[in-house]
Amino acid sequence: MYDYDLLVVGSANADLVIDVERRPAAGETVLGGDLAVHPGGKGANQAVAAARLGAATALLARVGDDTHGRLLLGSLRAAGVDTVGVLVGGAPTGVALITVDPSGDNSIVVSPGANARLTPADVRAAGSLFHASRVVSAQLEIPLETVVEVVRQLPPDSRFVLNPSPPRPLPTEVLAACDPLIVNEHEARVILGEAGVSEEPADWAKLLLAKGPRSVVVTLGAQGALVCDASGVTRVEPVKVDTVDTTGAGDAFTAALAFGLGSGSSPAEASAYAARVGAAAVTRRGAQESYPTAQEVDAL
């Protein structure tokens with residue numbers, strides 16, 4: 001019935017990465033290592049991560065007609081992602097400027113470029129992709145009105161997964177479609193605003209669920225994750241690994257969770273699998289280059 005296990009609607013960026021001993025303070029200049037250029041962007045990352053796991057995956061995105069755009073298209077195709085929905089032109093390819101410190105933590109500034117030109121009209125024109133997909137995933141590195149249109153184009157029997165990154169207040173229409181809404185601590189606090197006064201992640205999950213999503217997953221890094229739906233809150237235990245680089249790990253988690261849910265796993269089962277995928281990703285440098293195959297996850 002479905003041609004695709006997962007349709008990702010989102011961003012495609014070139015990641016410009018520099019290693020630093022520490023991230024600079026305001027007004028400060030620090031020396032870093034050699035510049036490395038990698039394919040990235042939350043949408044492209046999720047598509048590649050899912051395809052590496054064996055999911056039949058398509059991406060709806062926009063890149064520039066430039067060197068970075070060609071880099072991204074090559075990476076997507078090499079991973080097995082169907083790029084029929086990747087539009088070319090309109091603006092330069094988006095770029096993410098990333099600094100990585102010795103602990104593996106990163107700071108990121110994104111120049112949206114062509115991502116900002118992915119419009120609601122582009123979503124409407126891709127209706128056949130939506131009807132061919134079991135699960136649809138999105139993020140917020142594309143215009144919010146485009147994400148709203150994604151929700152409006154969802155077929156009745158498809159599932160919508162949203163990672164609201166970078167975070168911003170969400171319309172009720174979008175929240176009500178999320179199954180699940182996937183957030184980290186920072187994203188949870190932004191969406192909850194003054195309502196998120198508790199220091200307990202389980203409280204964040206419950207408060208977020210009360211805002212309308214059908215389910216919520218709160219990722220807690222080295223502390224694992226929480227899954228919250230009408231049946232209550234379930235903790236997902238962390239997977240212990242030596243962290244090298246956390247760039248793109250959240251995207252790997254989201255992709256694996258979406259694929260698992262579409263394959264019939266329960267939210268807790270899919271989240272546990274996603275935690276293993278995310279853990280495997282942080283043991284290698286880069287984003288897309290770090291994503292494991294299903295066999296590598298099984299061996300973890």
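**Reading the terms in the model**

Mentor: Strand S8 (residues 133-139) is mostly covered, since six of its seven residues are buried. This is a predicted model, in which local features need pLDDT of at least 70 and side-chain atom pairs count only at pLDDT 80 or more, while totals for chains, interfaces and linings use all residues. Residues are numbered from 1 along each chain as its sequence is written, and side-chain values use heavy atoms, with hydrogens and water left out.

Trainee: What makes Ser290 and Gly286 count as buried?
Mentor: Buried means under 20% relative accessible area, exposed means over 50%, and partly exposed is in between, with a 1.4 Å probe and protein chains only. Ser290 has a relative accessible area of 0% and Gly286 one of 7%, so both are called buried.

Trainee: Where do Ser290 and Gly286 lie?
Mentor: Ser290 is in the loop between helix H10 (267-281) and helix H11 (294-299), and Gly286 also lies in the loop between H10 and H11. Helices (H or I, at least four residues) and strands (E, at least two) are DSSP runs, numbered from the N terminus.

Trainee: What does Ser290 touch, and which backbone oxygen does its side chain reach?
Mentor: Contact means heavy atoms within 4.5 Å, and, leaving aside neighbours within four places in sequence, Ser290 is in contact with Ala280, Ala281, Arg284 and Arg285. The side chain of Ser290 reaches the backbone oxygen of Ala281 at 3.3 Å. Gly286, for its part, touches Asp245 and Thr247, not counting residues up to four places away in sequence.

Trainee: Why are S1 and S8 said to pair?
Mentor: Two strands pair if DSSP finds at least two bridges between them. On the S1 side, four bridges link S1 to strand S4 (residues 57-63), which run parallel, with Val8 opposite Leu59 in S4.

Trainee: What makes the unit of S8, helix H5 and S9 right-handed?
Mentor: A crossover is right-handed if, with the strands pointing away from the viewer, the path from the first strand over the helix to the second runs clockwise. S8, H5 (residues 144-153) and S9 make a right-handed β-α-β unit. H5 lies across S1, S8 and S9, running at about 165° to S9, where axes are lines fitted to C-alpha atoms, for helices over the stretch in contact, and angles run from 0 to 180 degrees between N-to-C directions.

Trainee: Why are S5 and S13 called edge strands of the sheet?
Mentor: Nine strands form an open sheet in the order S5-S4-S1-S8-S9-S10-S11-S12-S13, with mixed pairing. Strand S5 (86-88) and strand S13 (232-236) each have a single partner strand, so one side of each is left without a neighbour in the sheet. The twist averages 20° from one strand to the next.

Trainee: Which peptide bonds are cis?
Mentor: One joins Ser165 and Pro166, with omega about -5°, and another runs from Asp179 to Pro180, with omega near 10°. Pro166 lies in the loop between S9 and helix H6 (172-177), whereas Pro180 lies in strand S10 (residues 178-183).

Technical notes
Polar contact = N/O pair within 3.5 Å; in protein donor to acceptor, adjacent residues only side chain to side chain.
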